[in-house]
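Welcome! Take a moment to look over the model shown here, and then read on for a guided tour of its parts.

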Amino acid sequence: MLKFPIYLDYSATTPVDPRVAEKMIPYLTELFGNPASRSHAFGWTAEKAVEEAREDVAALVGADPKEIIWTSGATESNNLAIKGAAHFYSGKGKHIITLKTEHKAVLDTVRELERQGFEATYLDVQENGLVDLEALKAAIRPDTVVISVMFVNNEVGVVQPIAEIGELCREKGIIFHVDAAQATGKVDIDLSKLKVDLMSFSAHKTYGPKGIGALYVRRKPRVRLEAQMHGGGHERGLRSGTLATHQIVGMGEAFRLARVEMAEENQRVRELRDRLLAGLSTIEETFVNGDMEHRVPHNLNISFAYVEGESLIMAIKDIAVSSGSACTSASLEPSYVLRALGRNDELAHSSIRFTIGRFTTVEEIDFTIELLQRKIGKLRELSPLWDMFKEGVDLDSVQWAAH
Amino acid sequence: MAYSEKVLDHYENPRNVGAFKKEDDGVGTGMVGAPACGDVMKLQIKVGKDGIIEDAKFKTYGCGSAIASSSLVTEWVKGKTLDQALEIKNTAIAEELALPPVKIHCSILAEDAIKAAVEDYKKKHNS
């Protein structure tokens, strides 16, 4: 039996795995101690749980537990990493490089640093969504102090060449930050090999709870940060605030499960994604956004030409997906990520991001394929642009009466 | 976005979808909007010898409100003279469909589509 709406938006957030929730609950009730309480067993128990979780998070990404700092999520981790490093190393230079396709938590942080007197370069990506390493090299200046590149893009799911960028940064003595919110449990991450200095993590994209994340801060060679949150000196002074034991336990368990199960899970999810792609490819004039080879297994981002994005979302309300269109607001601004990939506004508007996950079934995928085939057909019946396309009119040559 | 029931009804069951032959003497065609703006409406009217709009058809690329606005005006123009059709105002369309403020432009576009279709018909018959 299918339950509606069908959730295909796992890159927005994931449900907490029931095994994770179960492990969290005692830390809300009987094991409620403050991990910073050194004088009694309540505190010791909580501290032990926090340190075990730290080990689980570190183990998924090949780090030392001492290199993991708890935060409230990837947004805070990105802020702490980029602002913290930029401020600490500002004596060396004030130039930052990032990509136009980064998450807003990185872009807006860099914008804020610009306001504070830093300079920033926002690099274009190639049509497949990947950074051009030569362009990155060319953008590096003697005063470049921080480069921030995401591991996996949240909209199109492409995997950036983190290892190569790491080599480049290390050689030039530049701090390299990676937003890995979308990468954990999807791609192998080994920080004992990757030359990454700072890496941001989130729990809720990997079947853990919302409101908890972590920042990896490399110890060898040591990376220094200026704290952004001041208080009781928790997390070695880098991030003050009483630790949210139950959230931390949840993140630890979620990351432990990811480590144990990811190989098998990614295989299953990839098969579902490929089944979805094959089914949707039977629809004429569809275009996949982003590289299919360097891509996480659970993401499919696809544009359907000659149908408008919002009416498409209305037509497929039986499935929960993300749209490249933000035209429910007055601004009518399409996805900046798809525009950075060179997609025109129409194709950016009519794009859908499907992200598949742990609880997606074959039946749900088959229903989705049939739904899209039917609804795209119906909307194209309604579309004057589809008629014109079928008559062989080049839509770019038409003089539109813009309003 | 929360749509009114009337918008949803027109969206789910659009009235008078289709096309007439553009070249036919009694047909006026109006196409307004632009793909980059997210709406293109094509409205066609078929005018009888007595100057009354006998039939209307539309096709729309656009959001639910745009589809509903154009579907609604195909119903409204039928049985009207050209001058009466030109009196249909966007405010009436917006009111009938209870469009939210961010969707008022859809009703304006529908009004423009009527004007463009009437103008096309008149051009055919004046020359």
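## A buried lysine

K205(A) has 28 C-beta neighbours inside 10 Å, so K205(A) counts as buried. The cut-off for that label is 20 or more such neighbours. Please keep in mind throughout that this is a predicted model.

Leaving aside residues up to four places away in sequence, K205(A) touches S11(A), T13(A), T14(A), A181(A), Q182(A) and T184(A). The UniProt record, an unreviewed entry, lists K205(A) for "modified residue: N6-(pyridoxal phosphate)lysine".

## Chain A as a whole

Chain A contains 12 helices and 13 strands. Its radius of gyration is 23 Å, close to the 22 Å that the globule rule gives for 403 residues, so chain A is as compact as a globular protein of that length. Taken along the principal axes, the C-alpha atoms of chain A fill a box of roughly 80 × 55 × 35 Å.

Of the 403 residues in chain A, 51% count as buried.

## Two domains in chain A

How is chain A divided, and which residues go to which domain? The domain assignment gives domain 1 (6–12 + 262–382) and domain 2 (18–258). Taken over C-alpha atoms, the centres of domain 1 and domain 2 of chain A are separated by 28 Å.

Where these domains of chain A meet, 21 residues of domain 1 are in contact with 23 residues of domain 2. On the domain 1 side, helix 7, strand 10 (299–304) and helix 9 (336–340) of chain A are the elements that give two or more residues. Helix 9 of chain A provides the largest share of that side, with 3 residues. By class, the domain 1 side that touches domain 2 of chain A divides into 7 nonpolar, 10 polar and 4 charged residues.

## An exposed glutamate

Helix 7 of chain A covers residues 245–280, and E264(A) has its place there. Is E264(A) buried or exposed? With 9 C-beta neighbours inside 10 Å, E264(A) counts as exposed; the label applies at 12 or fewer.

For a sense of distance, take E264(A) together with E155(A). These residues are 109 apart in sequence, and their C-alpha atoms are 24 Å apart in space.

## Chain B as a whole

Let us turn to the partner chain. Chain B has 5 helices and 3 strands, and its pattern along the sequence reads α-β-β-β-α-α-α-α. The radius of gyration of chain B is 14 Å, close to the 14 Å that the globule rule gives for 127 residues, so chain B is as compact as a globular protein of that length. The C-alpha trace of chain B spans about 45 × 30 × 20 Å along its principal axes.

In chain B, 47% of the 127 residues count as buried. Among contacts in chain B with a separation of 6 or more, 63% are between residues 24 or more positions apart.

## Helix 2 of chain B

One element of chain B deserves a visit of its own. Helix 2 (residues 64–77) of chain B has 14 residues and reaches 20 Å from its first C-alpha to its last, close to the 20 Å expected at 1.5 Å a residue. Helix 2 of chain B is largely enclosed by the rest of the structure, because 12 of its 14 residues are buried. Among them are G64(B), I67(B), L72(B), V73(B) and V77(B). After helix 2 of chain B comes G79(B), whose phi is positive, near 85°.

## Where the chains meet

How many residues of each chain take part in the contact between chain B and chain A? The count is 24 residues of chain B in contact with 23 residues of chain A. On the chain B side, strand 1 (27–34), strand 2 (39–47), strand 3 (53–61), helix 2 and helix 5 (104–126) each supply at least two residues. Strand 1 of chain B gives the most to that side, with 4 residues. By class, the side of chain B that touches chain A has 16 nonpolar, 6 polar and 2 charged residues.

Key. Residues are numbered from 1 along each chain as its sequence is written. Chains are lettered from A and ligands numbered from 1 in the order in which they are written. This is a predicted model: local features need pLDDT of at least 70, side-chain atom pairs count only at pLDDT 80 or more; totals for chains, interfaces and linings use all residues. The expected span of a helix is 1.5 Å times one less than its number of residues. Two residues are in contact if their C-beta atoms, placed from the backbone, lie within 7 Å. Ala, Val, Leu, Ile, Met, Phe, Trp, Tyr, Cys and Pro count as nonpolar, Asp, Glu, Lys and Arg as charged, and the others, Gly among them, as polar. The radius of gyration is taken over C-alpha atoms; the globule rule is 2.2 Å times the number of residues to the power 0.38. UniProt positions are given in the numbering used here, feature names are shortened, and annotations may be inferred rather than shown by experiment. Domain bounds come from an automatic or database domain assignment.
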